[in-house]
Amino acid sequence: MLLATLTMGQMIRITPYKAPTALFFDADRLLNYNRYEGARFEASLSWVIPNVTAENPKTVLGQWTMQAYGAYGTRDHEFKFGGGVQLRLPGRADPRIRIQGYKDVFQVASRRLESYKMTSPHYNTNFVSSRYAGVRGAGLELMLSPSRMWDMNFTLRQTWEDYRFNNEGVLYPKRPEQRTEMRTFSEAAAKVVWGKGVSLQMKGGICTTASGEQHKYFNGIAQYNAEPGDFGLNVFAQVGYASLDAPYSRMFDLSGTAYAIYYFRNTFLTVRPNTFAANYYAHLCLNYTAPMPLWELSWSQPQPFLQINAMWGRLCGQDELGRRHWDGLYLQAPYMGLFEPATGFDGLLRYGVMDLGFGVAYQICPTSAPYIYDKPSKNITITIVATLVFDKQKRNIQHIEKQNGKITRL
């Protein structure tokens, strides 16, 4: 878990431009959704001292940032909150030290390395997830940017967590008396991002159960996610490993977004949520979207796309059917592989700031696989493709800047 609630997103300045201090509101986290919390409303503020655009900024050691947020879910009816203090020190590597604390929920076994953004819904696969854990904790983080191409952070954290789900689905808030017992995690984590494509994340620590039993664990994810270039090809690749004793929350959920209707990127459109899990896996997604529309009208600018998804994964100690009973759950691995071609159109209709289209995906796997669908009709998924127009424009601007040799950190 790399808690993203205290990161900087789409910040709106509240104070005057030349004020001694600056107060910002994070618009990217205003609204979220998942099957556990329902609609999640969040207010996140950052107070920066001194304001770098002030007429005479005065620093004490460096630049200080105080951050705080509060959130509420319409389904779990629970208030979440957190806060932290960050000190940005002078130096070529742009060192930043952050201390933070929080009481919140997070999606377990998530493979997502990017922070949530309200303005990029097609990347937010957590919309369909119901497997969440309650977490209380604190952390100390060191962030470095040795160059414009490199970003690194190192974190030490102590958390207390409990599962809010079981094999049947959402367990809490409908049945709060059946929450799992609290577990204690003492964890160290590191994340390295190179440019806009390569990411590496590692976590390791000790999980202590309520009975005092301890489990040492480690996991790591390597990811390559290349933005579409002049030819419109997006390459997304991930490999991951989690040790034998890793609790489910530190393993990998390989499920997809079937039955969600909405088209999500870098996931399997025909695989139901909470279907697959693995200790080690590989996932490759190739998406080609025509860089130029077939025609350009004020209300229609269709861009055809073709996508190929493939994944494979195994569970440590799995049986002959790729299953394992672990951490109170019955888990299934896609150990015989899975293949999913998809095609469709983006931008068939333009409505306000949104382009609308459709996509069709089909699942292919070995006939002997125990996880094959019992009905061929379940292999097909039809989705609605919806993309914010201004998000497209921002990606185009980033691409132009890269072509000119400029890399901007957003």
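Helices, of at least four residues, and strands, of at least two, are DSSP runs numbered from the N terminus. On that basis, the protein chain of this predicted model contains one helix and 24 strands.

Confidence comes before geometry in reading such a model. The average pLDDT of the protein chain is 89, and 92% of the residues score at least 70. Among the secondary-structure elements, strand 17, residues 277–278, has the highest confidence, at 98, whereas helix 1, residues 389–403, has the lowest, at a mean of 48. Where pLDDT is low, the predicted coordinates should not be read in detail.

The overall dimensions can be considered next. The C-alpha atoms of the protein chain fill a box of roughly 70 × 65 × 40 Å along the principal axes. For 410 residues, a compact globule would have a radius of gyration near 22 Å, and the protein chain agrees with this because its own value is 22 Å. Of the contacts with a separation of 6 or more, 61% are accounted for by residues 24 or more positions apart. Of the 410 residues, 49% count as buried.

The protein chain exposes about 19,800 Å², of which carbon and sulfur atoms supply 63%. There are 44 positive and 33 negative side chains, and the centres of these two sets lie 3 Å apart.

Several local features lie in the loop between strand 4 and strand 5. Pro50 is placed in this loop, with strand 4 spanning 38–49 and strand 5 spanning 63–73. The peptide bond that joins Ile49 and Pro50 is cis, with omega at about -5°. Thr53 also has its place in the loop between strand 4 and strand 5. Thr53 counts as buried because its relative accessible area is 19%, which falls under the 20% cut-off. Not counting residues up to four places away in sequence, Thr53 touches Arg13, Tyr17 and Lys18. Although Thr53 and Lys18 are 35 residues apart along the chain, their C-alpha atoms are separated by 5.4 Å.

Leu61 belongs to the loop between strand 4 and strand 5 as well. Leu61 is not a glycine, yet it has a positive phi of about 75°. Leu61 counts as exposed because its relative accessibility is 61%, where the cut-off is over 50%. A positive phi is also found at His77, again not a glycine, at about 55°. His77 lies in the loop between strand 5 and strand 6, the latter spanning 79–88. With a relative accessible area of 55%, His77 is exposed. As background to these backbone features, most residues other than glycine have a negative phi, and most peptide bonds are trans.

Asp104 provides a further example, within a strand. Asp104 has its place in strand 7, residues 96–107. Asp104 is buried, with a relative accessible area of 3%. The C-alpha atoms of Asp104 and Ala27 are separated by 19 Å, and the two residues are 77 residues apart along the chain.

How values were computed: Residues numbered from 1 in each chain as written. Predicted model: local features only at pLDDT ≥ 70, side-chain atom pairs only at ≥ 80, totals over all residues. Heavy atoms only, no water. pLDDT = per-residue confidence, 0-100. Rg over C-alpha atoms; globule rule 2.2 N^0.38 Å. Buried < 20%, exposed > 50% of the residue type's maximum accessible area, 1.4 Å probe, protein only. Contact = heavy atoms within 4.5 Å. Areas by Shrake-Rupley, 256 points an atom, 1.4 Å probe, with all protein chains shown as cover. Lys, Arg positive; Asp, Glu negative; His and termini not counted. Charge placed at Lys NZ, Arg CZ, Asp CG, Glu CD.
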